[in-house]
Amino acid sequence: MSNTGYARVSSDYQDPTAQVNALRAAGCDPIFVERASGGTMERPEWHACNRGLGKGDTLTVVRIDRLGRSLTDLVSTLDDLAARGVHFRSLTEGIDTSTPLGRMFYQLAAAFAEYERALIRERTCAGIDAARAAIGRASPAGGSAGRRHSRTSSAISRADYELRVRALPQLPEC
């Protein structure tokens, strides 16, 4: 059962030394150090760290924002770790999922992530409804709303066919 540390800084200009020292003081070995924005999926050190974690291991970070790009991403990562029997610990926030309080925090984070997803879906549906309403509404000068088509009707038909054939992801039902 290892106590694995993960440190991440967002740019080459930032220094991970403080994070590494805190992880060492917390007894972490090994420690993976990443120099990448949290918004990118290209995090080879994170992938190596995650692959090495197994049942009974603990993943330790200095701050919880070092692990996930968003609350939804964080909960997804914590779900994956929990399913594999890996504990999570954040030094600054005092979170430790091997304790009842740490598990409660995890459950609260999951509830907020679900709420965040519901709000995003609601806003997406409202935007789609507004766009659909605008298409059917006449412009003040007469005619239809929006700009003129820059393509001929045959080009539009061809593009419509291509979109259906390639089976692009569907928009949510509103």
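Me: In which helix is the place of phenylalanine 112, and is this residue buried or exposed?
Reply: This is a predicted model, in which local features need pLDDT of at least 70, side-chain atom pairs count only at pLDDT 80 or more, and totals for chains, interfaces and linings use all residues. Residues are numbered from 1 along each chain as its sequence is written, and side-chain values use heavy atoms, with hydrogens and water left out. Phenylalanine 112 has its place in helix H4 (residues 100-136), where helices are DSSP runs of H or I with at least four residues and strands are runs of E with at least two, numbered from the N terminus. Because buried means under 20% relative accessible area, exposed over 50% and partly exposed in between (1.4 Å probe, protein chains only), its 52% makes phenylalanine 112 exposed.

Me: Is arginine 8 buried or exposed?
Reply: Arginine 8 belongs to strand S1 (residues 3-9). Its relative accessibility is 2%, and therefore arginine 8 counts as buried.

Me: Which residues of helix H2 are buried, and what do they line?
Reply: In helix H2 (residues 44-51), the buried residues are Trp46, Cys49 and Asn50. Seen down the axis of H2, these residues fall within an arc of 95°, an arc taken over the directions from the helix axis to the C-beta atoms. They therefore line one face of the helix.

Me: Which exposed residues does the face of H2 turned away from its buried side carry?
Reply: On the face of H2 turned away from the buried side, the exposed residues are Pro44 and Arg51.
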